[in-house]
Amino acid sequence: MQPLILHAHATGPNPIKIAIALEALRIPYTVRQWDFSDNPQTGVKGASFLRINENGRVPALEDPNTGVVSWESGACMNYLRRVYDGKESSVLGPVGNSEQDRVDFEKWEYFLLTTLGPMTGQTNWFRHYNSVKNEDALQRYSTQTERCYQVLDDQLAKSGGHSILPGRVTAVDYHFEPWVRQFEFAGLSLDKHPHVKQWLREMTARGEVQRAYIKIKGAAPEFS
Ligand SMILES: N[C@@H](CCC(=O)N[C@@H](CS)C(=O)NCC(=O)O)C(=O)O
């Protein structure tokens, strides 16, 4: 099997999700790091990368074994699920085979992709990067992100903080992990969300999470 190519950036949360999934599946892959510029050779907004992802964002995933190129972390994750996850004993997918199991997987996956992830991203933007101070926007996105933490905490209470879908860790946890880990950078606290804290502690200790961070960021994650 030829290694897959994961296009990434050392600080962005989205590529990490895909690295964790590749590690969980024990699929060989190499990482190509890009910067956020429009440099034609090195930047996500430059000509070389735009040929891989017209949207100019990471992750993107190239699979030389099938010729398939994917981007958007949800599409990359679901490609890995369809092509490489075990049909009988799934590593990434829903915890069971019922329609409710499949819907439960998708509703939490979409909640991260459409809500918790973007709200955290906007909180980060207005806290760290917007060129003028905008307290209203920061307040709005911080409150929304905290609200998402509470929704997640209530869900995690069902498993005692072990996994978002009660039963086992799935790709849903991998989607959430790098975003929730940014809580301090976003200026937020997990003190009112004990199940989220417990979950992040357990995710931090997992081998696939440790290996993915070392590969993408060069250092293992810590949380206690
Ligand atoms: N919705 C996309 C978002 C991808 C994304 O925003 N990636 C960030 C890094 S985590 C990026 O490439 N940013 C570059 C930019 O903003 O120019 C996903 O889930 O993959």
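**Domain arrangement, interdomain contact and ligand shell**

The end C-alpha atoms of residues 2-88 lie 24 Å apart, and this span is 33% helix and 21% strand. The model described here is predicted. In UniProt, residues 2-88 carry the feature "domain: GST N-terminal", taken from an unreviewed entry. A further feature of the unreviewed UniProt entry, "domain: GST C-terminal", is listed at residues 98-223. For residues 98-223, the end C-alpha atoms are 35 Å apart, with 69% of the span in helix and 0% in strand.

The domain assignment of the protein comprises domain 1, covering residues 4-84, and domain 2, covering residues 99-206. Taken over C-alpha atoms, the centres of domain 1 and domain 2 are separated by 22 Å. Contact between the two domains involves eight residues of domain 1 and nine residues of domain 2. On the side of domain 1 that touches domain 2, the elements giving two or more residues are α1 (13-25) and α3 (73-84). Helix α1 provides the largest share of this side, with five residues. By class, the side of domain 1 that touches domain 2 consists of five nonpolar, one polar and two charged residues.

Helix α1 also packs against helix α6, which spans residues 171-180; the axes of α1 and α6 come within 8 Å and cross at roughly 145 degrees. This crossing of α1 and α6 is right-handed. From α1, the residues P13, I16, K17, I20 and A21 take part in the contact, where they meet A171, Y174, H175, E177, P178 and W179 of α6. Eight nonpolar residues, one polar residue and two charged residues make up the contact of α1 with α6.

The ligand is surrounded by 13 residues, of which G12, N14, R57, V58 and S73 are the closest. At least two residues of the shell around the ligand are supplied by each of α1 and α3. The shell around the ligand is divided by class into six nonpolar, five polar and two charged residues.

Note on methods: Residues are numbered from 1 along each chain as its sequence is written. This is a predicted model: local features need pLDDT of at least 70, side-chain atom pairs count only at pLDDT 80 or more; totals for chains, interfaces and linings use all residues. Domain bounds come from an automatic or database domain assignment. Two residues are in contact if their C-beta atoms, placed from the backbone, lie within 7 Å. Helices (H or I, at least four residues) and strands (E, at least two) are DSSP runs, numbered from the N terminus. Ala, Val, Leu, Ile, Met, Phe, Trp, Tyr, Cys and Pro count as nonpolar, Asp, Glu, Lys and Arg as charged, and the others, Gly among them, as polar. A residue is near a molecule or strand if its C-beta atom, placed from the backbone, lies within 6 Å of it. Axes are lines fitted to C-alpha atoms, for helices over the stretch in contact, and angles run from 0 to 180 degrees between N-to-C directions. A crossing is left-handed if the near helix is turned anticlockwise from the far one by less than a right angle, and right-handed if clockwise. UniProt positions are given in the numbering used here, feature names are shortened, and annotations may be inferred rather than shown by experiment.
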